[in-house]
Amino acid sequence: GGGVFDSQGRMIAILNPHLGLPWPHSNVRIEALLSQSEDFQRPFTQADTWQLTLLETGILTAAEASRSTVVEMIDKDDRVVSLGTVVSSDGVILTKASLIAEKPICRMSDGRKMPATVKKVLRQHDLAVLKIQATDLVTAEWLNRDEVSVGTLVTLSATSPILGVIASPPLSFPRERGVLGVNLKDGPGGLEVSKAPAGHALQAGDILMSIEGRSTATRQSLVELLDITADPVAVAGDKVRLVIMRDKKQFDLSLNLELSTSPRLEGQSARASGFSRVFSVATAPTFDTYGGPVYDVEGRMLGIAIAGRQKGWVLIVPADIAMHAAAD
């Protein structure tokens with residue numbers, strides 16, 4: 001909304017919101033605005049705010065009534081790592097794959113804690129299908145539309161429902177290359193960690209034997225497995241399973257791949273790219289839990305909150321994709 005100025009202080013364009021998209025950015029030239037100056041000067045009518053208040057109250061009430069369709073995904077220390085959405089009465093739950101704990105546990109809306117089994121992971125959508133031993137669970141109605149109108153008021157599940165507005169038609173975000181976040185070298189025993197940051201899951205001297213079941217005999221083989229121009233085993237933010245050799249003992253460990261290039265934007269989740277079709281919601285910048293449903297004013301689910309692209313901008317997997325993932 002601010003001005004773009006030349007070296008002589010003359011305004012030449014109006015800055016567009018870029019929504020975290022890559023460079024180059026385009027801005028509206030001032031001539032386009034001057035040609036509509038008469039429209040800008042015409043009087044306008046302000047809507048009665050009480051109508052919006054009623055709408056907000058109604059949608060928050062509908063979301064609260066659907067609370068039993070949401071579970072909290074917790075780790076072994078009872079910390080909430082994400083949300084989950086109940087999609088069938090016999091215990092099928094969708095959640096964000098890259099945030100799954102080693103041994104996932106679902107805390108139901110009534111406080112019960114139930115261990116979950118990972119049945120399937122769909123990396124292209126960062127979705128995981130979980131199963132718990134339960135029956136007669138409450139599920140919400142899905143609103144399966146190809147496109148949801150920009151400007152629609154919605155709520156996102158969190159500790160308390162959060163209001164938002166659909167901010168874009170369907171978008172796609174290219175894959176971002178992921179890295180392990182350590183220095184590697186080809187050694188006599190295989191691909192060796194030469195240097196690792198303090199607190200990293202990998203340590204100097206570790207031999208990396210495989211990633212996602214694929215051999216990593218050399219540094220080049222790992223580069224090829226993570227090549228986003230081909231068919232990578234995972235992208236930035238994905239949780240991957242490694243097999244390593246440490247002190248002559250072999251064991252498995254899991255970690256999330258890091259972004260290989262620029263630092264993340266404020267509010268951007270670890271996995272925020274590689275989505276073929278998502279729509280976005282502008283919402284309160286404090287929203288930081290994913291895997292939960294997004295409701296319309298009638299309490300119907302439009303999709304599942306899957307990532308934060310930046311502060312106040314959340315990406316949503318549409319209902320048709322989520323439904324197909326759960327049903328297949």
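Visitor: Which strands each supply at least two residues of the lining of the largest cavity?
Guide: β4 (70–74) and β5 (80–86) do. Keep in mind that this is a predicted model.

Visitor: What is the volume of the largest cavity?
Guide: About 30 Å³. A search of the whole structure finds one cavity of 30 Å³ or more.

Visitor: Which residues line the largest cavity?
Guide: Met73, Ile74, Val81, Ser82, Leu99, Ile100, Ala101, Pro104 and Ile105. Eight of the lining residues are nonpolar, one is polar and none is charged.

Visitor: New topic. Which residues touch the most other members of the largest nonpolar core?
Guide: Trp142, Ile306 and Leu315. That core has 26 residues. Elements giving two or more residues to it include β24 (301–310), β25 (313–318) and α5 (319–327).

Visitor: And what is Ile306 in contact with, leaving aside its neighbours within four places in sequence?
Guide: Lys96, His125, Asp126, Leu127, Phe275, Tyr290, Leu315 and Val317.

Visitor: How many residues are in the second core?
Guide: It has 19 and is separate. Val182, Leu184, Leu191 and Leu257 are among them.

Visitor: Back to α5. Which of its residues are buried?
Guide: Ala319, Ile321, Ala322 and Ala325.

Visitor: Why are they on the same side of α5?
Guide: Because they cover an arc of only 165° around the axis.

Visitor: What do the buried residues of α5 pack against?
Guide: Strands β6, β9 (117–122), β10, β22, β24 and β25.

Technical notes. Residues are numbered from 1 along each chain as its sequence is written. This is a predicted model: local features need pLDDT of at least 70, side-chain atom pairs count only at pLDDT 80 or more; totals for chains, interfaces and linings use all residues. Side-chain values use heavy atoms; hydrogens and water are left out. A nonpolar core is a set of buried Ala, Val, Leu, Ile, Met, Phe, Trp, Tyr and Cys residues joined through side-chain atoms within 4.5 Å. Buried means under 20% relative accessible area, exposed over 50%, partly exposed in between (1.4 Å probe, protein chains only). Helices (H or I, at least four residues) and strands (E, at least two) are DSSP runs, numbered from the N terminus. Contact means heavy atoms within 4.5 Å. On a 1 Å grid over the protein atoms alone, a cavity is a set of points where a 1.4 Å probe fits but cannot get out, and a pocket is an open set with protein on both sides within 12 Å along at least five of seven lines; lining residues have an atom within 4 Å of a point. Grid points are joined across faces, edges and corners, and a volume is the space filled by probe spheres set on the points. Ala, Val, Leu, Ile, Met, Phe, Trp, Tyr, Cys and Pro count as nonpolar, Asp, Glu, Lys and Arg as charged, and the others, Gly among them, as polar. The arc is that of the directions from the helix axis to the C-beta atoms.
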